[in-house]
Amino acid sequence: MRKTTLKEIEAPSAFDAPPCNNTALRHAARRLGNLYDDALAPTGLKATQMGLMVEIARLAAADGGRPPTLQELATRLAIQISALTHALRPLVRDGLVVLKPDDEDRRTKRGVLTAAGLARLNEAVAHWAAVNQRVETVLGPDAAAALRALADQVSSNEFLEAFSQAPSTPAPRS
């Protein structure tokens, strides 16, 4: 039996496809993520870790100081609980966050910033503000605001609902 060579395989029509929104957004997110990670390196935090800590603080402040459940945190961040617990491990290991059982339902865990976590978060904010301002300067205030607005729109429940309602286009047949 004759073996097919790579040259004999017809190239997919991906080169003629419209630009991929997912790929463009992932490239942009990786670039920005690297810039923020580099700026936060002196604090020992990654941008994603700082983001987690900010959301814990934000949700607790919005609920009168009551720390968020892991489910509330995962919902807010639009990630699965398993991904959240994986992301929290280094913060828990380093004593920046503790997971405490809920007073009413002991099966439910709440994420709590420790005093060390709050101090580290406050330290990180200065580094974050500097890199955030540089990104804002390079993009310009209008483009930066448009970027945030579009990202917020795509990550919203309304977008997800509209996407689920939109008719799907069948994949072309070979």
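Is the crossing of H2 and H3 left-handed or right-handed? I looked, and the crossing of H2 and H3 is right-handed. (Right-handed means the near helix is turned clockwise from the far one by less than a right angle; left-handed means anticlockwise.)

Notes on the source. I am reading a predicted model, where local features need pLDDT of at least 70 and side-chain atom pairs count only at pLDDT 80 or more, while totals for chains, interfaces and linings use all residues. Residues are numbered from 1 along each chain as its sequence is written, and side-chain values use heavy atoms, with hydrogens and water left out.

Entry on H2 and H3. I found helix H2 (residues 47-62) packed against helix H3 (residues 70-77) at about 115°, with axes 10 Å apart. From H2, Leu 52, Glu 55, Ile 56, Arg 58 and Leu 59 meet Glu 72, Leu 73, Arg 76 and Leu 77 of H3. (Contact means heavy atoms within 4.5 Å.) I sorted the residues of this contact into five nonpolar, no polar and four charged.

Entry on H3 and H4. H3 packs with helix H4 (residues 81-93) at about 100°, and their axes are 9 Å apart. That makes H3 roughly perpendicular to H4 (65 to 115 degrees). The residues of this contact divide into seven nonpolar, two polar and no charged.

I listed its buried residues: Gln 49, Met 50, Leu 52, Met 53, Glu 55, Ile 56 and Ala 60. (Buried means under 20% relative accessible area, with a 1.4 Å probe and protein chains only.) Their cover includes H3, H4 and helix H5 (115-139). Just after H2, Gly 64 takes a positive phi of about 65°.

Key:
Axes fitted to C-alpha atoms, helices over the stretch in contact; angles between N-to-C directions. Helix = DSSP H or I, 4+ residues; strand = E, 2+ residues; numbered from the N terminus. Nonpolar A, V, L, I, M, F, W, Y, C, P; charged D, E, K, R; others polar. Parallel < 35°, antiparallel > 145°, perpendicular 65-115°, else oblique. Buried < 20%, exposed > 50% of the residue type's maximum accessible area, 1.4 Å probe, protein only.
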